[in-house]
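Reader: I am new to reading protein models. Could you take me through one, feature by feature?

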Amino acid sequence: MADLPLQLQLINGEDVEALDGERFDVLDPSTGERIADVPRAKAADVDLAVAAARDAFETWRRVTPADRGRLLVAAAQHVRERSAELALIGALDTGLPLTSIERDVEATARYLEFYGGLADKIGGDVVPLGPEFLDYTEREPWGVCAVIVPYNSPFQVLARSMAPALAAGNTVVGKSAEQAPLGPLYLARALREAGIPRGVVNVITGLGTESGAALTAHADVDRITFTGSEATGRLVMEAATRNLTPVTLELGGKSPQIVFADADLELAAKTVAASLVWSAGQVCSAGTRLLVERSVRDGVVAAVVAEMSATKLGAAVDSPGMGPLISEQQRTSVLAAIDAASSDGARLLTGGSELPETGSGGFFVSPTVFDQVDPSSDLAQEEIFGPVLAVMDFETEEEALELANGTRFGLIAGLWTRDLAKAHRVARELRCGQVYVNTFGAGTGIELPFGGFKNSGIGREKGIAGYLEYSQIKNICVKVGTE
Ligand code: NAD
């Protein structure tokens, strides 16, 4: 592949280096090789980006909602036209299979289109106070929104926060993850080409502890949307506390796939395996715990193991069944979790700490399944962020729910049964933000409110609920009567 061009941040419509000229390397996770370097922004760069977004806000918030929407829909079209290039960059940047990144790019376009379409449709209310008053509410943008994204699916995660923020009249400073900074830079440029005015979208690079921390502590940021780990989410919230900046936190998960004996077991097993391997387990909503009814346990587990062990690993650009993890550091951490699971008495069925033969220097780990997992062990409780499935079994609906709800996370759940009443009953009792019945996902899911219960987060993204987070209500009360 041809050398990538010089990578620069986008601040106030301009391509810029970090002020001190420092840069850091970007590796292709499929090969371990350096493919680019990017600016290493610090607090002074963050100041520039926030100032640009602040200036642009005064104009952008006055653009009519219809015109803002039209621009976002045009941007969606532009993203689609550039999808081949964006997907290739995304695959190199993240190690996710090209086919997955293509879906990611399409989801990005859908976010722009969906929220562009909403820009002129959601208004305020009139509050009935009687003949003496006219009372109404308006939804106003917050101002400058910081959007901090993780390394997995950076296009899609940036777009799901940025698109509603822009549609509602805010301006944005996006910050990419250090492991996968290229996608957000390409997306920012695509938006500029599509006509989004200067300063309305700014994207900086840099380390979390430097540019990330500076952005979350910035007194002129009006709202923060952070997507990433639980541990960093705490730091973000602490920083936001100092300025009382509102936050949306989209954090980790340990999502269950609950399979009842009366389900379509073949479909359930295929979906459990496929939904874990497509991202090598590096997605917040990965179904990393298989909870299966004891009477069908052996058959379901055997089918999942067969699917997972047959998965072909390879370089992301070749669209394999599963790509690498993002970094050597992540591989070390996943292998340590695998070793700890074996020491804790879980039984390894496939995969494990032996590195797969891939013929490259990429950061691969084999799809791994453990059963006989102790529900209180780290394997059952902690987010590993790798292709590692923990199997537990249950006898009754109550036991299934106890296991499913028995972690500090509550992001999503999959539920497999043909019994309609049971499906609704169990869905209602699950302590998580989304439940899928006889599926695990629905298209790109743009329309569906998403977010965590418990330690999986605060606030909602996606759907109309996500849009409402990017404006605040003002109540206006006018005395019109004469008494
Ligand atoms: P991370 O928390 O390490 O990093 C996320 C982002 O935060 C990066 O841009 C990083 O540079 C930045 N950051 C790091 N330290 C910071 C600080 N002190 N202040 C401000 N920003 C800082 O997460 P990751 O390893 O990139 O991503 C994986 C995690 O993200 C997993 O826990 C996963 O579940 C979660 N995630 C959640 C969702 C969701 O929608 N709920 C989606 C994707 C990923």
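This is a predicted model: local features need pLDDT of at least 70, side-chain atom pairs count only at pLDDT 80 or more; totals for chains, interfaces and linings use all residues.

Reader: How do I read a strand? Which way do the side chains of β7 point?

Author: In a regular strand the side chains alternate between the two faces of the sheet. Helices (H or I, at least four residues) and strands (E, at least two) are DSSP runs, numbered from the N terminus. In β7, Val144, Ala146 and Ile148 point one way. Cys145 and Val147 point the other way. All are buried. Buried means under 20% relative accessible area, exposed means over 50%, and partly exposed is in between (1.4 Å probe, protein chains only). Five of the five residues of β7 (residues 144-148) are buried, so this strand is largely enclosed by the rest of the structure.

Reader: Which strands pair with β7?

Author: Two strands pair if DSSP finds at least two bridges between them. Five bridges join β7 to β8 (residues 171-175), and the two run parallel. Ala146 sits opposite Val173 in β8. Right-handed has a rule: with the strands pointing away from the viewer, the path from the first strand over the helix to the second runs clockwise. β7 also pairs with β10 (residues 223-227), in the parallel sense, over four bridges. There, Cys145 stands opposite Arg223.

Reader: Now β12. Is it buried or exposed?

Author: Five of the five residues of β12 are buried, so this strand is largely enclosed by the rest of the structure. Ser255, Gln257 and Val259 point one way, and Pro256 and Ile258 the other.

Reader: Which strands does β12 run parallel to?

Author: Five bridges join β12 to β13 (residues 287-293), in parallel. Pro256 has Arg289 as its bridge partner in β13. The chain crosses from β12 to β13 through helix α9 (residues 265-277), and the crossover is right-handed. Three bridges join β12 to β18, again running parallel. Gln257 stands opposite Gly414 in β18.

Reader: Where is there an antiparallel sheet?

Author: Look at the open sheet of three strands in the order β5-β6-β22, where the pairing is antiparallel. β5 (126-127) and β22 (471-479) stand at the edges, each with a single partner strand, so one side of each is left without a neighbour in the sheet. Two bridges join β5 to β6. Val126 has Tyr136 as its bridge partner in β6.

Reader: What lines the largest cavity?

Author: The largest cavity holds about 80 Å³. It is lined by 16 residues, and Pro256, Ala404, Phe409, Gly410 and Cys432 lie nearest its centre. β12 (255-259), β17 (409-410) and β18 (412-416) are the elements that give two or more residues to this lining. The second largest cavity has about 50 Å³ of space. Its lining includes Lys254, Cys284 and Phe385.

Reader: Which element gives the most to the lining of the second largest pocket?

Author: β6 does, with four residues. About 320 Å³ of space lies in this second largest pocket.

Reader: Last, how many disulfides are there?

Author: A disulfide is a covalent bond between the sulfur atoms of two cysteines. The cut-off here is a pair of cysteine sulfur atoms within 2.5 Å. The count is zero. The sulfur of Cys284 is 13 Å from the closest cysteine sulfur, in Cys432, too far for a bond. Cys284 counts as buried, at 18% relative accessibility, whereas Cys477 is partly exposed at 44%.

Methods. Residues are numbered from 1 along each chain as its sequence is written. Side-chain values use heavy atoms; hydrogens and water are left out. On a 1 Å grid over the protein atoms alone, a cavity is a set of points where a 1.4 Å probe fits but cannot get out, and a pocket is an open set with protein on both sides within 12 Å along at least five of seven lines; lining residues have an atom within 4 Å of a point. Grid points are joined across faces, edges and corners, and a volume is the space filled by probe spheres set on the points.
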